[in-house]
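Subject: Structure handover

Hello,

Here is the structure I promised to pass on. Please open it alongside this email; my notes follow below.

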Amino acid sequence: MRVLIEVPSGRVLRLLAGEWYPSPDVPADRDALISTVAVGKSSYGGLVLVHGHECNHRAPDCDRTHCWDALVLVTAIRDNMAGYR
Ligand SMILES: [Zn+2]
C-alpha cells in the first residue's frame, strides 16, 4: 500500500515504545528520538521503513548516511507531523 507522508530530512520524530520495530515482529521496549533521513513510500501492515539518526537527533554526528532504521507505525509518524508530540 502506497503511503503519502512527507517528512522533511532532519525532522525529529519522537517514537514511543511499541511504535517502532527494530526487528520485524519485535516492538521496541523504549522510546526513541530520531532525526529523519528518509521515509519509505510503501507501508506494510501499517508500518513504514524509516532511515534516520539516533546518534544525536539535533545534530547527527556519526558520519554515516544513517545509523538507525526500523519499521515505524504510520500513525505515529502522522501524530508527530501533526504536532501532537
Ligand atoms: Zn547517526
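**Overall fold**

The chain has one helix and five strands. Read from the N terminus, the order of elements is β-β-β-β-β-α. Please keep in mind that this is a predicted model.

The radius of gyration is 12 Å, close to the 12 Å that the globule rule gives for 85 residues, so the chain is as compact as a globular protein of that length. Along the principal axes, the C-alpha atoms fill a box of roughly 35 × 25 × 25 Å. Of the 85 residues, 27% are buried. Among contacts with a separation of 6 or more, 48% link residues 24 or more positions apart.

**The sheet**

The five strands make an open sheet. Its order is β1-β3-β4-β5-β2, and the pairing is antiparallel. Which strands sit at the edges? They are β1 and β2 (20–21), and each pairs on one side only.

Going across the sheet, pair by pair:

- β1 and β3: antiparallel, with four bridges. Val12 stands opposite Ser35 in β3.
- β3 and β4: antiparallel, joined by six bridges. Ser35 has His53 as its bridge partner in β4, and Ser43 has Val48.
- β4 and β5: antiparallel, over six bridges. Val50 faces Ala70 of β5 as its opposite residue. Leu49 has Leu71 as its bridge partner in β5.
- β5 and β2: antiparallel, with two bridges. Trp20 stands opposite Val72 in β5.

Ser35 is worth a look on screen. On one side Val12 stands opposite this β3 residue; in β4 its bridge partner is His53.

The β3 and β4 strands also form a hairpin, with two residues between them. Gly45 lies in the turn and has a positive phi of about 60 degrees.

How much of β4 and β5 is buried? In β4, five of the seven residues are buried, and the strand is mostly covered. In β5, five of the six residues are buried, so this strand is largely enclosed by the rest of the structure.

**The core**

In soluble globular proteins, nonpolar side chains tend to be buried together. Here the largest nonpolar core has 15 residues. Leu15, Val48, Ala70, Leu71 and Val72 touch the most other members. At least two core residues come from each of β1 (12–15), β3 (32–44), β4 (47–53), β5 (68–73) and α1 (74–81). Which element gives the most? β5 does, with five residues.

Setting aside neighbours within four places in sequence, Ala70 is in contact with Trp20, Tyr21, Pro22 and Val50. Val50 is also the residue that stands opposite Ala70 in the strand pairing.

Val48 is the bridge partner of Ser43. Leu71 is the bridge partner of Leu49.

Leu16 is in the loop between β1 and β2. Is Leu16 buried or partly exposed? Leu16 has 14 C-beta neighbours inside 10 Å, so it counts as partly exposed. For a sense of scale, take Leu16 and Ser42, which are 26 residues apart along the chain. Their C-alpha atoms are separated by 21 Å.

**In short**

The model is predicted.

Best wishes

Note on methods. Residues numbered from 1 in each chain as written. Predicted model: local features only at pLDDT ≥ 70, side-chain atom pairs only at ≥ 80, totals over all residues. Core = buried A, V, L, I, M, F, W, Y, C linked by C-beta atoms within 7 Å. Buried ≥ 20, exposed ≤ 12 C-beta atoms within 10 Å, placed from the backbone. Contact = placed C-beta atoms within 7 Å. Rg over C-alpha atoms; globule rule 2.2 N^0.38 Å. Pairing = 2+ DSSP bridges.
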